[in-house]
Amino acid sequence: MPFAVFLLGLAVFAQGTSEFMLAGLVPEIAADLGVSVSAAGSLTSAFAVGMIVGAPAMALLSLRWSRRGALWTFLAVFLLTHVLGALTTSYPLLLATRVVGALANAGFLAVALVAATAMVAPDAKARATAMLLGGVTSACVVGVPCGALLGQLWGWRAAFWAVALVSVPALLAIPRAVPAGAPEPAAVAGAGARDELRALRRPRLLLVLALGALVNGATFCAFTYLAPLATEIGGLVDAWVPGVLALFGLGSFVGVTIAGRLADTASGPLLWVGGPALLLGWGTLALTAGEPAAMLVLVFVQGALSFAVGSTLISMVLYAAADAPRLAGGFATAAFNVGAAFGPWAGGLALDAGLGYRAPAWLSALLVAGALATGVVAGGARRRRAGRPTLLER
């Protein structure tokens, strides 16, 4: 694997830490800024909405930039938003920095996915994708728990400063390590963009995008509210929260590693085994959250299953949009973050409705059930029409 792919993974680690670290900081932010827990949780949704809008928009914008220049610019803006976020005392301003930072993150990840897969063999897209998503899972293993620990020791602002500092090495190294990649002439870029946007009409791509949104929605619905689930239902003290988040992150690292090895050649079996297991796991977590030992085991297992299934679906977007290379990264990023926006929002609604801290896990089970039902119905419809493999098979 080229060194530049590892470097991009480091930058994604900083960005993944930023996107998910609020799972351990929600209570502190709510108390400091004088807002509700659900309002603080919506900062995660706001970031994800920025990612959804920004992924295709920034991918289109960067068509006229070199890949190296686009990556550097997006990362610099991302860093600056975290400096401003660490300094502000205003919830609306913090919300705005999350959206702008998400736009920059979306542009970076969209370009990085294309750049990374362009530097490897054509049949190794899932491995390159797994390497980048390894930055996300490493964020869950190390960055998010450390962010929660920093929040407990020195306040939530310390976590924002840490993300800015971790971004600096990648910002300095990108100009030397990443191939430039020539921008396209404006006329060609405009025509190519129109051709690539037409790829969104394909049923197979639309199905994979929908499944990715549902599965990742389930992941982030439960993950965003793991801290209150562990303390209020599981009876664990606050000092356990970083460990619980790290356990989920460790599981996600295992899951994305497995997906990276299997998804290029066996995506169908991985999904149809992992999907039902994921559904069963979320339901079991909701039922057994009051038993700390069972809850901790399930947090690890669900982290592994969530990212094994979710990262497989993301890599499938790249295959399904193989003839739309410039927007493929944007499609994949958007699919990932539709779920990351919807999940915390839905979980917050359940909490505001007084359904209790188990409700996000039940909602996660419901979302996975919806994904499985959608896949079964779509696959059956295609088999009836043409007698060919299901939409999820290559």
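The questions and answers below concern a predicted model of one protein. Local features need pLDDT of at least 70 and side-chain atom pairs count only at pLDDT 80 or more, while totals for chains, interfaces and linings use all residues. Residues are numbered from 1 along each chain as its sequence is written, and side-chain values use heavy atoms, with hydrogens and water left out.

Visitor: How many helices and strands does the secondary structure of the protein come to?
Guide: Helices (H or I, at least four residues) and strands (E, at least two) are taken as DSSP runs, numbered from the N terminus. Read along the sequence, the pattern is α-α-α-α-α-α-α-α-α-α-α-α-α-α. The count is therefore 14 helices and 0 strands.

Visitor: Which residues of helix H10 are buried?
Guide: Buried means under 20% relative accessible area, exposed means over 50%, and partly exposed lies in between (1.4 Å probe, protein chains only). Helix H10, residues 226–233, is mostly covered, with 6 of its 8 residues buried. Those residues are Leu226, Ala227, Pro228, Leu229, Ala230 and Thr231.

Visitor: Is Val241 buried or exposed, and what is its relative accessible area?
Guide: Val241 lies in helix H11, and, leaving aside neighbours within four places in sequence, Val241 is in contact (heavy atoms within 4.5 Å) with Gly24, Gln152, Ala227 and Thr231. The C-alpha atoms of Val241 and Thr231, which are 10 residues apart along the chain, are separated by 7.7 Å. Val241 counts as buried because its relative accessible area is 7%.

Visitor: Which side chains meet in a salt bridge?
Guide: A salt bridge is a side-chain nitrogen of Lys or Arg within 4 Å of a carboxyl oxygen of Asp or Glu, and the structure holds 1. The pair links distant parts of the chain, 125 residues apart, with one partner in helix H7 (residues 156–177) and the other in helix H2 (residues 26–33). At 3.1 Å, N to O, the two side chains are those of Arg157 and Asp32.

Visitor: What accessible area do Phe253, Val254, Ile258 and Leu262 have together?
Guide: Patches are made of residues with over 30% relative accessible area and no salt bridge, like charges being joined within 9 Å and nonpolar side chains (Val, Leu, Ile, Met, Phe, Trp, Tyr) within 5 Å. Phe253, found in helix H11 (residues 241–288), counts as partly exposed because its relative accessibility is 37%. Accessible areas come from the Shrake-Rupley method with a 1.4 Å probe, and for residues only the protein chains shown count as cover. Together, the four residues form a nonpolar surface patch with an accessible area of about 300 Å².
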